[in-house]
Amino acid sequence: MAYQAGGQRPAPRPVPESPEAQAYLQDYATLLEAVPFPSVVVDHRWDVVLTNNAFASLFRDVGPHPTAMPGDNFLRFVLFHPDAAGVLGEHESSWCLPMLAHFAAAVERHAHDHGLQAIRREIAQDPIMEAAYRQGLPHWLRAMGERAAARDGAVRPLLHPDPRWGATDCRVVDETPETLREMGYTRMTFVLRETRRERPRIRTARRTAAHLRVVPDT
């Protein structure tokens, strides 16, 4: 059974076996749908458990991808989907690097998790992403401080396809109640701001240079 609002995922993720936990998630999905801002519940691999319609609307123009759809695995979307920069403003510094920091911490906590190890192999197969993980991330954390990778409270740019929002900012709010946390899940809500930004020019093709802006020259 898939608990994702706004459409069925191609392959349902494992869900809690107990009827009580399943009932809780069903009721939580109803609560999530009442939230006007994009909201998502993920597990420790960033596999998506629940989303609301506002989340689906934010990513409605994203093209198909076999493994990196935002409603399937949010980490894979941020790192690997070619359309990610068209929705996530300042994609490299505001989204990729913080997510890589969270991923590195998850790998330390769950060293033998097959799902996380599969993502690590995909990172290693991409020279640009591997450079960001091994060189860019430590350099960025030294320059910006550990707080730059914090999830709760971070303000990050978004490019919403709805012209009512357009280029704006969101505050990422961790709204994980104790019951969800005990299940191993995390809920994030992107609280959209009405202050509009100047819409940046979005590259239509992925950068192929071997050097990232965040990787120091040697």
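Predicted model: local features only at pLDDT ≥ 70, side-chain atom pairs only at ≥ 80, totals over all residues.
1. Basis of the note. Residues are numbered from 1 along each chain as its sequence is written, and side-chain values rest on heavy atoms, with hydrogens and water left out.

2. Helix H1. Helices are DSSP runs (H or I, at least four residues), numbered from the N terminus. H1 comprises the 15 residues 19-33 and reaches 21 Å from its first C-alpha to its last, close to the 21 Å expected at 1.5 Å a residue; the expected span is 1.5 Å times one less than the number of residues. Its buried residues are Ala21, Leu25, Tyr28, Ala29 and Leu32. They cover an arc of only 110° around the axis, which places them on the same side of H1; the arc is that of the directions from the helix axis to the C-beta atoms. Exposed on the other side of H1 are Pro19, Glu20, Asp27 and Thr30. Buried means under 20% relative accessible area, exposed over 50%, and partly exposed in between (1.4 Å probe, protein chains only).

3. Helix H4. The 19 residues of H4 (residues 91-109) should span 27 Å at 1.5 Å a residue, and the end C-alpha atoms are 26 Å apart, which agrees. Of these 19 residues, 15 are buried, so H4 is largely enclosed by the rest of the structure.

4. Aromatic pairs. The structure holds 9 aromatic pairs. Rings of Phe, Tyr and Trp (its six-membered ring) pair if their centres lie within 6.5 Å; planes under 30 degrees apart count as stacked, over 60 as edge-to-face and the rest as tilted. One of the pairs joins phenylalanine 59 and phenylalanine 74 edge-to-face, at 6.1 Å centre to centre with 70° between the planes. This pair links distant parts of the chain, 15 residues apart: phenylalanine 59 lies in the loop between helix H2 (53-58) and helix H3 (74-80), and phenylalanine 74 in helix H3. Both phenylalanine 59 and phenylalanine 74 are buried.

5. The aromatic cluster. Ring pairs link Phe55, Phe59, Phe74, Phe77, Trp95 and Phe190 into a cluster. The charged end of arginine 156 sits over the ring of tryptophan 95, 5.3 Å from its centre. The criterion is NZ of Lys or CZ of Arg within 6 Å of the ring centre and within 35 degrees of the ring normal.

6. Histidine 81 is in the loop between H3 and H4 and, at 4% relative accessibility, counts as buried. Not counting residues up to four places away in sequence, histidine 81 touches Val62, Gly63, Pro64, His65, Ala68, Met69 and Arg76; contact means heavy atoms within 4.5 Å. Proline 66, in the loop between H2 and H3, counts as exposed at 76% relative accessibility. Proline 66 and histidine 81 are 15 residues apart in sequence, with their C-alpha atoms 9.5 Å apart in space.

7. Proline 82. This residue is found in the loop between H3 and H4 and counts as exposed at 63% relative accessibility. Its C-alpha atom is separated by 8.6 Å from that of glycine 63, 19 residues apart along the chain.

8. Cysteines. A search of the whole structure finds 0 disulfides, a disulfide being a pair of cysteine sulfur atoms within 2.5 Å. Cysteine 96 is buried, with a relative accessible area of 8%. Cysteine 170 is also buried, with a relative accessible area of 0%.

Notes:
Helix = DSSP H or I, 4+ residues; strand = E, 2+ residues; numbered from the N terminus.
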